[in-house]
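Please read the report below alongside the sequence and the coordinates. It takes up confidence, helix packing, selected residues and backbone geometry in turn.

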Amino acid sequence: MAGAAGGGGGGCVTLRGSQFQDLLDAKHNVLFDCDGVIWNGETAVTGAPEVVSLLKQRGKRVFFVTNNCTRPRESYVQKFSRLGFTDVAEEEIFSSAYCSAAYLRDVARVQGKVYVIGCSGVVRELQDAGVHVVEDVGGDEPGTNISNCPLDPDVKAVLVGYDENFTFMKLAKACCYLRNSECLFLATDPDPWHPLRGGRITPGSGSLTAALETASSRKATVIGKPGRFMFECIASQFDLDPARSLMVGDRLETDILFGSNCGLSTMLTLTGVSTMEEAQKYKDSESPEHKGCVPDYVVESIADFLEALEE
């Protein structure tokens with residue numbers, strides 16, 4: 001099959017029969033997004049546990065790369081087990097929270113504290129990495145506002161992630177810290193929103209980051225997909241060859257663009273956010289920046305792996 005070891009000859013190729021087998025033969029590493037690919041909420045995508053096990057039995061290395069920063073890796077292991085995945089290890093999971101902690105510890109080598117707009121999953125990963133998180137005290141006391149609240153002089157970085165308890169005070173404090181040009185400004189991921197049951201959505205980390213970018217007149221360094229750092233984080237630990245790696249995701253603007261940015265082959269699965277029609281629009285677009293959002297391959301579900309893996 002032309003393009004089995006690299007791109008898909010123009011993109012949006014629907015794999016069938018031996019084509020799928022040829023692609024798997026050419027790849028040694030498979031990277032999966034989680035939400036919308038491996039599971040939806042608390043329900044595993046049909047066939048997903050079997051696909052992961054069979055890939056490993058075939059000698060493939062499997063990794064899970066998610067922009068979801070709401071839980072630490074330990075909690076992800078528990079969720080995989082709860083949903084019927086029997087052989088997923090913590091070191092195979094790379095979340096935007098874990099990678100943000102790794103960036104602050106190993107790349108930025110931040111000397112001081114980090115002010116976090118985010119949930120407990122982000123805080124836990126920072127603490128596990130030995131990164132000091134500022135204690136947010138005094139913000140909710142009666143009569144306290146941004147003009148008289150305490151600010152920690154040791155804050156050297158601001159990190160924004162998904163935060164269901166986002167407040168004006170948190171935004172205002174972060175703005176104050178970022179007035180120091182030497183204070184780092186990071187975001188776990190750029191996701192604008194996330195789908196919920198019943199057709200509703202919840203704002204994502206990207207929307208909170210946009211608010212702070214507007215208020216501070218600064219741009220955040222984004223750690224998660226579609227940036228390259230998450231792949232570099234995996235590659236530094238497992239020596240991944242991009243040419244022998246496949247990224248499987250459900251969101252064109254993050255998962256597929258991430259794979260393209262990192263030199264991986266890309267596969268869109270239609271069990272999550274993006275549709276075939278949206279992929280085709282990117283493919284037909286004459287805009288150069290849209291080309292990175294075109295998947296090499298498209299499948300209905302990762303259950304489509306099963307026929308090739310069971311042969």
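The sections that follow begin with the model and its confidence.

## Model and confidence

This is a predicted model, in which local features need pLDDT of at least 70 and side-chain atom pairs count only at pLDDT 80 or more, while totals for chains, interfaces and linings use all residues. Residues are numbered from 1 along each chain as its sequence is written, and side-chain values use heavy atoms, with hydrogens and water left out.

The average pLDDT (the predictor's confidence in each residue, from 0 to 100) is 92 for the protein, and 95% of the residues score at least 70. Over residues 1-9, however, the pLDDT is below 50, and this stretch has 26 contacts in the model beyond near neighbours in sequence, a contact being heavy atoms within 4.5 Å.

## Packing of helices H4 and H5

Helices (H or I, at least four residues) and strands (E, at least two) are DSSP runs, numbered from the N terminus. Helix H4 (residues 96-107) packs against helix H5 (residues 120-128) at an angle of about 40 degrees, and their axes are 8 Å apart; these axes are lines fitted to C-alpha atoms, for helices over the stretch in contact, and angles run from 0 to 180 degrees between N-to-C directions. H4 passes H5 in a right-handed crossing, meaning that the near helix is turned clockwise from the far one by less than a right angle.

On the H4 side the contact is made by Ala97, Tyr98, Ala101 and Leu104, and on the H5 side by Gly121, Val122, Glu125 and Leu126. These residues divide into six nonpolar, one polar and one charged, where Ala, Val, Leu, Ile, Met, Phe, Trp, Tyr, Cys and Pro count as nonpolar, Asp, Glu, Lys and Arg as charged, and the others, Gly among them, as polar.

## The enclosed helix H6

Helix H6 (residues 168-178) is largely enclosed by the rest of the structure, because nine of its 11 residues are buried; buried means under 20% relative accessible area, exposed over 50%, and partly exposed in between (1.4 Å probe, protein chains only). The buried residues of H6 include Lys170, Lys173 and Tyr177, and what covers the buried residues includes strand E7 (113-117), E9, strand E10 (184-187) and helix H7 (205-216).

## Selected buried residues

Asp152 lies in the loop between strand E8 (132-133) and strand E9 (155-160) and is buried, with a relative accessible area of 18%. Not counting residues up to four places away in sequence, Asp152 touches Lys113, Val134 and Tyr177, and a polar atom of its side chain lies 2.8 Å from the backbone nitrogen of Asp154.

Thr269, in strand E15 (residues 265-269), counts as buried at 0% relative accessibility. Leaving aside neighbours within four places in sequence, its contacts include Gly36, Val248, Asp250 and Glu300. Ser53, in helix H2 (residues 48-57), is buried with a relative accessible area of 16%, and touches Thr86 and Asp87 when residues up to four places away in sequence are not counted.

## Backbone geometry

A cis peptide bond, with omega about 15 degrees, joins Lys225 and Pro226, and Pro226 lies in the loop between strand E13 (221-222) and helix H8 (229-238).

Although Cys12 is not a glycine, its phi is positive, at about 60 degrees; Cys12 is in the segment before strand E1 (13-14) and is buried, with a relative accessible area of 10%. Asp239, also not a glycine, has a positive phi of about 55 degrees, but Asp239 is exposed, with a relative accessible area of 67%, in the loop between H8 and strand E14 (245-249).

How values were computed: Polar contact = N/O pair within 3.5 Å; in protein donor to acceptor, adjacent residues only side chain to side chain.
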